[in-house]
Amino acid sequence: MHLPPTVALLLTLALIVWLFRRDIREKPDVSGALWLPVLWLILGCSRSLSGWLNIFGLPVSGAASVEEGSPLDACVYFALIIAGFCVLVKRQVRLSEVVLKNRWLIFFLLYCFISIAWSDFPFVAFKRWIKILGHPIMVLIVLTEADPKEALVRLMKRCAYIVVPVSILWIKYYPQLGRGFSPWGGATSNGIAMDKNMLGAGCMILGFFFFWYLLQTWRTERNTRRRNELRLIAGFLIGIWWLFSQAHSATSVTCLLVGSLVVVFVGSRFINKNFIGTYMVVALVLVAGAEMAFGISGRMSENLGRGSELSGRRGLWTELLQMGTNPIFGTGFESFWLGERPLRLEGLFYYIPNEAHNGYLETYLTLGSVGVFLLVGLFVATFWKIRIELFRNFEMGRYRLGFLAAVILYNWTEAAFKTLSPVWFVFYLIATDYPRIFLATAQSSVVFGKSEETQEFVYAEEA
């Protein structure tokens, strides 16, 4: 059924209002501060504030150049970071505990900061590094809520309330907003996001969450609330799958399926959690062996209609590796695509690339071999935390494990290890630990951590 665009717009707005009203009526055990990470994730899954203002007919001067960026957007992100930092100060979050429980993450961030010293654009690299601090700050707001499980659920739901219905509206009824052109595949649907790959990333994040949440809800007691939740989940999963069909983002679909399979696999009664590390090592060895022997990524790409060259990515990777960057230290934090380097690729492709379409290669170009080593170490450290979590909080553990698998695979053909990527933000969410301590608020002193019920989703202290 095709409705007039105005009617579709009004119905979409009514749906969004109803969803948020339903959310508020449920009186979730979360604070108002959770709106900061909600807004952060929505901006990551959609577009910057200047982009939104331009859509609504409020012309705002955008970025004068890639190096300068948009002053308005810089102010907005900085304001969110400052507000988030103030929340953590009020909650008396201990920096020493953050560092102690997240050494590899801190090492990686510190190395990114140090690499600014050899960037050709140190001030631009520094501004981008400040932005990336927003990820751990927003994640800590979620983890220090009174009920972190509820905070995670509300974070993802509230983001979905905007991203999914508006994306469907724009693609179906406002193609001038929801459709675009991609050098990789011609005409595409980008929905609320800036391009089809970003829409695919948002759908992967939300689709994975709703699948995991479906498994949680299915096992609850049969009542009206359960039935309503299942209807809500089914509606969003159908909407997300439709968006996938429009975006044609093969990478995101594949990663969503892999992450979901990991969640199911770990939950199988036949799996011994004591050997989860062995299972993962065997899986990685088999995948690496199959890639070297049979080139399975190329074959999968062909089956997905992308060709054996992964939509031209292999040619791009070859050219980037011949650019002559420092193999040990790289070009500096997020500095490779600044200045004249991208212009050296002009004429080699029918477009001028602005990313490597491979997170590991992107890290190598900007941070060198040292950065890749720290990134791999961060993955290993995250997996070790998850392994412990599987014995203490199984459901959160398998959520983290499934998304970790999706992130590792996603960055084979996309570059998500960069400033405001929503995939990078959710990775921080699964990679960050914060121990059970006494958290203070401005209103009253509340002890968190004594109740197993209220602390179900707080990442436990390592033994």
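Guide: Trp129 counts as buried, because its relative accessibility is 12% and the label "buried" means under 20% relative accessible area (exposed is over 50%, partly exposed is in between, with a 1.4 Å probe and protein chains only). Before we go on, this is a predicted model: local features need pLDDT of at least 70, side-chain atom pairs count only at pLDDT 80 or more, and totals for chains, interfaces and linings use all residues. Residues are numbered from 1 along each chain as its sequence is written, and side-chain values use heavy atoms, leaving out hydrogens and water.

Now for the rings. The structure holds 29 aromatic pairs. One of them joins Tyr111 and Trp118, which are tilted at 55 degrees between the planes and sit 6.1 Å centre to centre. For a pair, the centres of Phe, Tyr or Trp rings (for Trp, its six-membered ring) must lie within 6.5 Å; planes under 30 degrees apart are stacked, over 60 edge-to-face, and the rest tilted. Tyr111 is buried at 8% relative accessible area, while Trp118 is partly exposed at 30%.

Your Trp129 has a partner too: Phe113 and Trp129 form a tilted pair, 4.8 Å centre to centre with 50 degrees between the planes. That pair links distant parts of the chain, 16 residues apart, with Phe113 in helix 6 (residues 103-114) and Trp129 in helix 7 (residues 122-132). Helices here are DSSP runs (H or I, at least four residues; strands are E, at least two), numbered from the N terminus. Phe113 is partly exposed, with a relative accessible area of 38%.

Rings also gather in a group. One aromatic cluster includes Phe20, Trp35, Phe209, Tyr399 and Phe403. Tyr399 and Phe403 turn up again in the largest nonpolar core, which has 114 residues: along with Met156, Met204, Val423 and Phe427, they touch the most other members. The largest share of this core, 16 residues, comes from helix 9 (residues 148-173). Another core lies apart from it, with 10 residues, among them Leu316 and Trp317. A nonpolar core is a set of buried Ala, Val, Leu, Ile, Met, Phe, Trp, Tyr and Cys residues joined through side-chain atoms within 4.5 Å. Leaving out residues up to four places away in sequence, Met156 touches Phe209 and Tyr399, among others; contact means heavy atoms within 4.5 Å.

His135, in helix 8 (residues 134-143), is buried at 1% relative accessibility. Among the residues that His135 touches, not counting those up to four places away in sequence, are Trp40, Trp424, Phe425 and Tyr428. Cys45, in helix 2 (residues 35-45), is buried too, with a relative accessible area of 2%. The C-alpha atoms of Cys45 and Met198 are separated by 6.7 Å, although these residues are 153 residues apart along the chain.
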